[in-house]
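Me: I have a model open and would like to learn how to read a few of its features. Could you walk me through them?

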Amino acid sequence: MASRLPKSLSPADGGARLAQLIGAADRIVVFTGAGVSTDCGIPDFRSPGGQWSNNMPISFQDFVASADARREAWRRKFAMQPFFDAATATTVHESPAHAAIRALNDTGRVSAIITQNIDNLHQASGIPAERVIELHGNGSYATCLDCSERHELDDIRRAFEETGDPPACSACGGIVKTATVSFGQPMPRAQMRRALGETLASDLFIALGSSLVVMPAAELPAIAKQNGAALVIVNNEATGLDALADLAIRGDIGETFACWMQSRADRGANI
Ligand code: APR
Ligand code: ZN
């Protein structure tokens, strides 16, 4: 009986197959999770020491119902903000994971980068904003839940540090929340519709740095596969979709793409 390939390979053993799948693809979707930002200094959520190891998520219902929940959500937001600011300003430009995504984008065959991340780092790393589909919103600004007025974080932080009170909308007095999607909050329809369209049109779907446990975002890799695309998963930990993937690489994103990027640089070709 032919020996079955182990369902996940190391970056070294998976590199040649990865290069082959990229070279053969006409329309690539890159799907990202918090694991693409850990090398920028932003902890992910479910790894040991991740953001959920010290805090439980605050649901959208609790955020709307309770001023204390809003106060805690803003406290957490501003406690994490220095990590995001440093990543945006410097570390994203040294991030091997974001360099790999930029190299994929430079092939000219990536139609969309569908991200669960709210850190705005794909845009900060040089990916055109119109190519990024943010399923869980963007934490670099805030909006009013009632009138959708945009509010800047610096203004909110100044007032919050002075009064300790969660912000109210300057235009209508409504509740102000970062422009992210919390558990229990409806997903953004337009972004979901666009992400599904790109997924169905892709012939290679590459999932990077996600535990693939949060729905409906994590349904997209399986939808791509069921629709005939090749599925690649690169992640430090096993995911529930590894067995479905054409190639599952268990390891660091930067390390996984390093030799493909080098061979591309050596040939100077858009492979
Ligand atoms: N290379 C490869 N994998 C990595 C790296 C790296 N450099 N760094 C972290 N990882 C892996 C971790 O092993 C982990 O399995 O990335 C995965 C990140 O998984 P999560 O922390 O669960 O993050 P994510 O999948 O993006 O979570 C989805 O859950 O909490 C909500 O809204 C939040 O968008 C988030 C969603
Ligand atoms: Zn308002």
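**Reading the rings and the metal site**

Reply: Buried means under 20% relative accessible area, exposed over 50% and partly exposed in between (1.4 Å probe, protein chains only). This is a predicted model, in which local features need pLDDT of at least 70 and side-chain atom pairs count only at pLDDT 80 or more, while totals for chains, interfaces and linings use all residues. Residues are numbered from 1 along each chain as its sequence is written, chains are lettered from A and ligands numbered from 1 in the order in which they are written, and side-chain values use heavy atoms, with hydrogens and water left out.

Me: Which residue forms an aromatic pair with Phe205, and is the pair stacked, tilted or edge-to-face?

Reply: Rings of Phe, Tyr and Trp (its six-membered ring) pair if their centres lie within 6.5 Å; planes under 30 degrees apart are stacked, over 60 edge-to-face, and the rest tilted. Here the partner is Phe31, and the pair is tilted, with 5.7 Å centre to centre and 35° between the planes. Phe31 sits in strand 1 (residues 28-32) and Phe205 in strand 7 (residues 204-208), so the pair ties together parts 174 residues apart in sequence. Strands (E, at least two residues) and helices (H or I, at least four) are DSSP runs, numbered from the N terminus. Phe31 is also buried, at 0% relative accessibility.

Me: How many aromatic pairs does the structure hold?

Reply: There are five. Elsewhere, ring pairs link Trp74, Phe78 and Phe160 into a cluster.

Me: Which protein atoms are the donors of the zinc ion (ligand 2)?

Reply: Donors are N, O and S atoms within 2.8 Å of the metal (3.2 Å for Na, K and Ca); water is not among the atoms, so sites may look incomplete. For this zinc ion they are the SG atoms of Cys144, Cys147, Cys169 and Cys172, at 2.2 to 2.3 Å. Along the chain, the donors follow the spacing C-x2-C-x21-C-x2-C. Cys147 lies in the loop between strand 4 (137-144) and strand 5 (150-151), and Cys169 in the loop between helix 7 (153-163) and strand 6 (176-180), so this pair ties together parts 22 residues apart in sequence. Cys147 is partly exposed at 35% relative accessibility, whereas Cys169 is buried at 5%.

Me: What is the geometry of the site of the zinc ion (ligand 2)?

Reply: Four donors count as tetrahedral if all angles lie between 85 and 135 degrees. The ideal angle for four tetrahedral donors is 109.5 degrees. This zinc site is tetrahedral, with angles of 101 to 118° among its four donor atoms.

Note on methods: Four donors count as tetrahedral if all angles lie between 85 and 135 degrees; four count as square planar and six as octahedral if opposite donors are over 155 degrees apart and all others between 65 and 115; anything else is irregular.
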